[in-house]
Amino acid sequence: MPTRRSTDGSAGDQLFETALEQFDAAADLVNLPDRTRSILRTPKNEIIVNFPVEMDDGEIRIFRGFRVQHNDILGPYKGGLRFADYVDLGEVKALAMWMTWKTSLAGVPFGGAKGGIAFNPREHSRSETERIVRRFTHALGSNIGPEHDIPAPDVGSTAQDMVWMMDTYVNAGGNSDRQNTRRVVTGKTIETGGSVGRDKATGQGAAFVLAHHYEQINRDLRGQTCAIQGFGNVGEHTARALSRMGVTMTHVADHTGAVTDPNGIDPESLWRHTSQAGGVAGFDEGGAEALDVEEFFAADVDILVPAAIENQITAKRAPNVRASVVLEGANGPTSVEGENILIDRGIEILPDVLANAGGVIVSYFEWLQNKMSAKWRLNHVDDELRTYLWEAADNIEAEKKRLACTRREAAYAVALNRIGCVFDQRGVWP
Ligand code: NAD
């Protein structure tokens, strides 16, 4: 059994430690051979690029970008790009590893990767952001590619950023192959080759996973209440999809604060507010009121949806959670200690690798449509998404029962069995 690597203790390194801890527990559970473990504990490639960009005032600034390619045994590397000033190598390694489990669990023919640029897009003009994104793409060069490594949006990055990446990549490549290389990124705008349903895919997928869980436990989702942390891509679309299923959002929080309305917060009204104000703080329509972030985590709701950043449901907050289900829209929102407390208290966790896999599943549909020059309709995208997710959820429940383990461990077990089997068959060469 490989030894645990020591770290300098940065938040990103701690996150990677968490990812390793979760992996080790699952690897023990499925008796993953040591040789496969050593390969999977370490990302295949860790790319760091430092690149200059001219600011609007003529000054040159150096930016740092990352791309970690964790594993590609099941297909091209796949994973989002995070734009935030706190992005570091440890965090990107953890997120890349989680992508490998997620794509395997979801049954899409991709490996796992993640990347990012250490900058806050809110502090830059549109033209500066465009130059940063294009220069980053140029610096990555052939480290990405439509059959090699395919980025997508994540925290802080948007469909427009993906379009700039795609445009930079295809223009730098051979002219006759331009159309064929558009699938080098997914999560593009529909007009430039994106898929219908990709913008809402992660939130819609989370709602499908929750609906399936409620069906399994014979409870009606209609009439339930929820609290959602994060009102970005995942939070907003989870709120909208759950609202269509009859769930009332009574609490919402983000980096600017938290608000509550026991009668329900309309996602469309809140979206109008956040588009103007940049966050949920100050939303007071229909009598909504501000509340403290700790009160948010202790909200008296049926469903808690962390859909912002990692490490939010910690050992300190977990004892106060009153929801009976935690639907992990974000990646890594629950610490290992936090999870143990939730489980001891009988709270069901629908883990991130399943709950937010909708994004990468519809990214796969976008990549396929680009490859085939095809155009799918929304009902087809949604039907396929539901089928992929429910199949993954059923596989997890069967494994959970068989191994008498947690749902997250069962999800990892399904993912690792699939990857382990391919390693067994292909071997390590030379
Ligand atoms: P986003 O940038 O669109 O939104 C992020 C949200 O988190 C915003 O509402 C922001 O206010 C909030 N936030 C940021 N820092 C916060 C803090 N310190 N406290 C509270 N709230 C904070 O990002 P997103 O794409 O919605 O991603 C959210 C999470 O979902 C991330 O963990 C991401 O890795 C994961 N995820 C995203 C996708 C996708 O398709 N976008 C797919 C799978 C997983």
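**The ligand site**

Modeller: Start with the shell. It holds 21 residues around the ligand, and the closest are Asp154, Thr202, Phe231, His255 and Asn331. A residue counts as near when one of its heavy atoms lies within 4 Å of the molecule. Before going further, the ground rules. This is a predicted model, in which local features need pLDDT of at least 70 and side-chain atom pairs count only at pLDDT 80 or more, while totals for chains, interfaces and linings use all residues. Residues are numbered from 1 along each chain as its sequence is written, and side-chain values use heavy atoms, with hydrogens and water left out.

By class, the shell has 7 nonpolar, 10 polar and 4 charged residues. The classes are simple: Ala, Val, Leu, Ile, Met, Phe, Trp, Tyr, Cys and Pro are nonpolar, Asp, Glu, Lys and Arg are charged, and the others, Gly among them, are polar.

Phe231 uses its backbone, with a polar atom 2.8 Å from an oxygen atom of the ligand. How much of the ligand does the protein cover? It covers 84% of the 830 Å² of accessible area that the ligand has on its own. Accessible areas come from the Shrake-Rupley method with a 1.4 Å probe, and for residues only the protein chains shown count as cover.

Next, the charged pairs. Side chains of opposite charge can pair when their charged atoms come close. A search of the whole structure finds 30 salt bridges, each a side-chain nitrogen of Lys or Arg within 4 Å of a carboxyl oxygen of Asp or Glu. Asp24 and Arg41 form one, at 2.9 Å from N to O. Asp24 is in helix H1 (residues 11–29) and Arg41 is in helix H2 (residues 34–41), so the bridge ties together parts 17 residues apart in sequence. Helices (H or I, at least four residues) and strands (E, at least two) are DSSP runs, numbered from the N terminus. Asp24 is buried, at 6% relative accessibility. Arg41 is buried too, at 8%. The cut-offs: buried is under 20% relative accessible area, exposed is over 50%, and partly exposed is in between (1.4 Å probe, protein chains only).

Arg67 and Asp149 make another salt bridge, 2.6 Å from N to O. Arg67 is in strand E2 (residues 60–71) and Asp149 in strand E5 (residues 149–153), which puts the partners 82 residues apart and links distant parts of the chain. Arg67 counts as buried at 0% relative accessibility. Asp149 is also buried, with a relative accessible area of 0%.

Glu294 and Lys316 pair as well, with 3.9 Å between the closest N and O atoms. Glu294 belongs to helix H9 (residues 293–297), and Lys316 to the loop between strand E10 (303–306) and strand E11 (325–327), so the pair ties together parts 22 residues apart in sequence. Glu294 is partly exposed at 28% relative accessibility. Lys316 is exposed at 61%. Elsewhere, salt bridges with shared partners join Arg82, Glu91, Lys114, Asp154 and Glu310 into one network.

Asn320 is partly exposed at 39% relative accessibility. Its C-alpha lies 8.7 Å from that of Glu294, 26 residues away along the chain.

Last, the backbone. Most residues other than glycine have a negative phi, and most peptide bonds are trans. Ser373 is not a glycine, yet its phi is positive, about 50°. Ser373 sits in the loop between helix H12 (358–372) and helix H13 (378–403), and is exposed at 69%. Ala404 has a positive phi near 50°. Ala404 lies in the loop between H13 and H14, exposed at 71%. Trp429 and Pro430 are joined by a cis peptide bond, with omega about 0°. Pro430 falls in the segment after helix H14 (407–426).

Notes
A polar contact is a pair of N or O atoms within 3.5 Å; within protein, one must be able to donate a hydrogen and the other to accept it, and residues adjacent in sequence count only if both atoms are side-chain atoms.
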